[in-house]
Amino acid sequence: MGVPAAGSDNRLVITVVVLVALALAAWIYLALGHGRFWSTAVRLPTATGANIAGTWPDVTAIVPARDEAAILPTTLPSLLAQDYPGRFRVVVVDDASSDRTGDVARRIGAHVVRGDGPPPGWAGKVAAMAVGVRSAGTPEYLLFTDADVRFPTGALTALVTAARRHGLDVVSQMVRLRAISHWERHIVPAFVYFFAQLYPFSRVNQPESTTAAAAGGCMLVRREALQEAGGLACIAGALIDDVALGQLVKGRRPGSRVWLGLSSEIESARSYPRLSDLWAMISRSAYTQLRYSPWLLAGTVLGLLIVYVVPPAATVAGLVAGDALVATLGAAAWTIMAATYVPMLRFYRLSPARAVLLPLIAVGYLAMTIDSARRHRRGHGGSWKGRTVMRSSADRLTDPR
């Protein structure tokens with residue numbers, strides 16, 4: 001056998017240098033030019049409520065709840081205890097529960113309506129939200145929230161004040177998820193970080209930007225804006241209902257205002273003690289985010305490998321091979337990557353040292369995304385609360401009119 005030509009080694013080195021340089025360029029852009037997605041300083045606009053005193057609008061909270069009897073006693077009282085000056089009522093939609101969800105919600109003091117499950121073409125949560133909207137009457141605002149969310153007493157007043165003062169059609173706060181168990185501490189902060197990377201909050205909050213999203217745990221929506229956009233029927237089959245709702249309302253006309261930010265006080269009481277719990281939560285909709293496209297999946301895999309895996313791999317390989325250029329470029333990209341993750345770790349009161357593990361967590365998310373595609377192709381995509389929702393035309397933002 002012949003000895004490999006030196007040119008082959010040179011081409012390999014050049015390829016490695018190009019890949020790691022590409023990764024470094026990507027991280028420079030993400031850190032400096034991607035809407036400061038890494039910042040945790042996007043919080044609810046502060047303002048006094050004195051200017052709307054006496055004219056506080058009616059608000060109805062809608063809580064879709066399927067088999068939530070165990071968690072409602074922990075969370076629902078906080079919603080009912082809102083210190084809100086205007087008229088406020090809470091509608092819990094008992095979404096064909098097999099436990100005592102409806103009885104528990106009534107005993108706590110909420111108005112309960114029964115949902116019979118989603119009709120054809122509807123995702124379960126969106127169908128339950130629609131049942132709640134029909135039962136809400138004609139308030140100025142609808143507050144969509146989840147059964148596991150716990151509110152401080154002044155949360156609703158702050159939301160309405162921000163909406164009125166700034167002319168917002170949607171005010172949504174990403175609630176603080178639990179990060180207590182071993183796997184929660186590893187995966188939950190990254191979940192919020194990756195969400196913000198997909199939908200930079202500062203861009204969502206710019207009326208002229210086409211980026212739109214919301215966070216389902218807390219969405220205050222002006223009812224007329226939702227009606228003008230076509231209503232929930234336009235996103236009937238959406239598994240990622242919060243993002244779809246934000247896109248629907250913001251896209252209804254030029255100048256529509258949607259605001260999205262973080263909350264350190266509105267919290268989720270839902271626990272994910274096992275890796276399998278978090279895996280199921282993420283993988284159920286990951287392939288939906290890619291619009292069920294094998295090409296987008298392939299592009300995502302390639303992109304994540306270059307952006308998240310190449311930097312640490314190049315750092316180690318460069319040090320082992322004595323290639324200072326490769327090691328330096330890889331370390332620079334890895335450092336910027338870790339630096340952008342530190343604010344989210346601090347938000348969750350976790351050690352900044354965890355930031356160096358972000359490439360491993362990204363590989364885990366990549367595996368969940370691939371598994372999501374595998375489950376979808378085997379007929380198990382979109383499984384949620386015992387129901388499996390397969391792809392339909394309603395998964396896209398369409399106007400049935």
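The predicted model contains an open sheet of 8 strands in the order β3-β2-β1-β4-β7-β6-β8-β5, with mixed pairing; strands are DSSP runs of E of at least two residues, numbered from the N terminus, and two of them pair if DSSP finds at least two bridges between them. Its edge strands, β3 (111-115) and β5 (149-150), each pair on one side only. Within the sheet, β6 (residues 170-176) and β8 (residues 258-268) run parallel to each other, paired over 6 bridges. Met-174 stands opposite Leu-262 in β8.

Helix α5 (residues 155-166) packs on the sheet, touching β1 (59-65), β2 (88-95), β4 (141-145), β6, β7 (218-222) and β8; contact means heavy atoms within 4.5 Å. The direction of α5 makes about 45° with that of β7, where axes are lines fitted to C-alpha atoms, for helices over the stretch in contact, and angles run from 0 to 180 degrees between N-to-C directions.

The protein as a whole has 13 helices and 10 strands, helices being DSSP runs of H or I of at least four residues. The radius of gyration, taken over C-alpha atoms, is 23 Å, close to the 21 Å that the globule rule (2.2 Å times the number of residues to the power 0.38) gives for 401 residues, so the protein is as compact as a globular protein of that length. Of the 401 residues, 53% count as buried, meaning under 20% relative accessible area with a 1.4 Å probe, protein chains only.

Residues are numbered from 1 along each chain as its sequence is written. In this predicted model, local features need pLDDT of at least 70, side-chain atom pairs count only at pLDDT 80 or more, and totals for chains, interfaces and linings use all residues, while side-chain values use heavy atoms, with hydrogens and water left out.

Note on methods:
Buried < 20%, exposed > 50% of the residue type's maximum accessible area, 1.4 Å probe, protein only.
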